[in-house]
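Some labels deserve a check. The questions below set each label against its cut-off.

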Amino acid sequence: MTRSFQTADFLHRPDVVFVLGDILDDGQNALLEDFREDVGRFRTMFWSSAPVICAVGNHDIGFHYRIIPQLRQRFEKAFERRPVELLEFSGIQFVLINSMAFEGDRCSMCKEAEQQLGVVSLRLRCQRALKARTEEEQTLPKECDAVDFSRETAFSKPIILQHFPMYRLSDEACNEPDEAPADEKSQPFRGKWECISKEATEQIMNTIEPRAVFGGHTHHGCYRKHRNGVDEWTISSFNWRNKINPSFLMVCRVIYR
C-alpha cells in the first residue's frame, strides 16, 4: 500500500487527500500504546505534501454499540476530528461526518453530531444568503447574526465525506469495474451496519443539501444517483487484503468560464 499510495501521490500531486475511514485494522480493541504505534505507521505509509484528512470508520472506534468515549476521543485527538465539520480546500466545501454518530438514539455522541450538523447547516445557509444578497436587499436573516463572515468562504454546495454509504437496499444496482462480486451484490444491506439508516440519510441530505456524497465501508465500488439528483460514489478498498483490484478515486475540479 505504501508504494501504491506514494506513486499515486507523486504522479497526481493532489491538493488534498481524503481517507474515508477504517484507517486502523483493530482500533476498537487496541491498547493506547498499540493505537499510537498504528497511527504512526499510518502517517509514515500515507505521507503526502498535501493535507491528509481522515474520516472515522467502524474499525477505528467500533460500531455504535461498541463505542466508548475513550476510543472516540483518542481518535479525534490523534487526527484532529469532530463528529461533523465543515472544511474548505481550493474553493470547494466538504462536510466530514462520523457515520456511527447517526444512530438516532440520542446518545451523547449522537446529540453532539446533530448539534454540529445544525451549526454547519447554518453556516451554509448564511453563505448562500450572502452570495444571493443584492444592493437592494442588504439585510441577512436574523439567524446569521451569530456567523463570523470575516472568515467565511464563498458559498458552494458542499460535498459529503463519510465512512458508510447512504442508505440503499443492496449493491444490486451497482455497475462499476470494481463492484462487488456477483454472489454478494444481492445481499441485503442493514441500516446502521452496511449503510447509514434511511432516517439518517434523509436527515443529512435535507440538512446539508450536498452536491455529491463519497463513502466507503463496503470494500466495493458503486455509483448511484439519489432521487434528489445528488450523485453518490462508494469507493472500494485500497487494501489488497479486502479486494483483488484495490483502487482510489481522483476527483478533478473543472472551472467553466
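**Labels and their grounds**

Helix 5 (residues 108–132) lies across strand 3 and strand 4, at about 40° to strand 3. The model is predicted.

Q: What makes strand 3 and strand 7 edge strands?
A: The open sheet has 6 strands in the order 3-4-5-6-8-7. Strand 3 (84–89) and strand 7 (222–225) each pair on one side only.

Q: How do you know that strand 3 and strand 4 pair?
A: Pairing needs at least two bridges. Strand 3 and strand 4 (residues 92–97) have 6 bridges, in the antiparallel sense. Phe-89 stands opposite Ile-92 in strand 4.

Q: Why is the contact of Asp-25 and Arg-241 called a salt bridge?
A: The cut-off is within 4 Å, nitrogen to carboxyl oxygen. Their side chains meet at 2.7 Å, N to O, so the pair counts as a salt bridge.

Q: What does the pair of Asp-25 and Arg-241 tie together?
A: Asp-25 lies in the loop between strand 1 and helix 2, and Arg-241 in the segment after strand 8, so the pair ties together parts 216 residues apart in sequence.

Q: Why is Arg-241 called exposed, but Asp-25 partly exposed?
A: Exposed means over 50% relative accessible area. Arg-241 has 59%, so Arg-241 is exposed. Asp-25 has 45%, so Asp-25 is partly exposed.

Definitions and conventions
Residues are numbered from 1 along each chain as its sequence is written. This is a predicted model: local features need pLDDT of at least 70, side-chain atom pairs count only at pLDDT 80 or more; totals for chains, interfaces and linings use all residues. Side-chain values use heavy atoms; hydrogens and water are left out. Helices (H or I, at least four residues) and strands (E, at least two) are DSSP runs, numbered from the N terminus. Contact means heavy atoms within 4.5 Å. Axes are lines fitted to C-alpha atoms, for helices over the stretch in contact, and angles run from 0 to 180 degrees between N-to-C directions. Buried means under 20% relative accessible area, exposed over 50%, partly exposed in between (1.4 Å probe, protein chains only).
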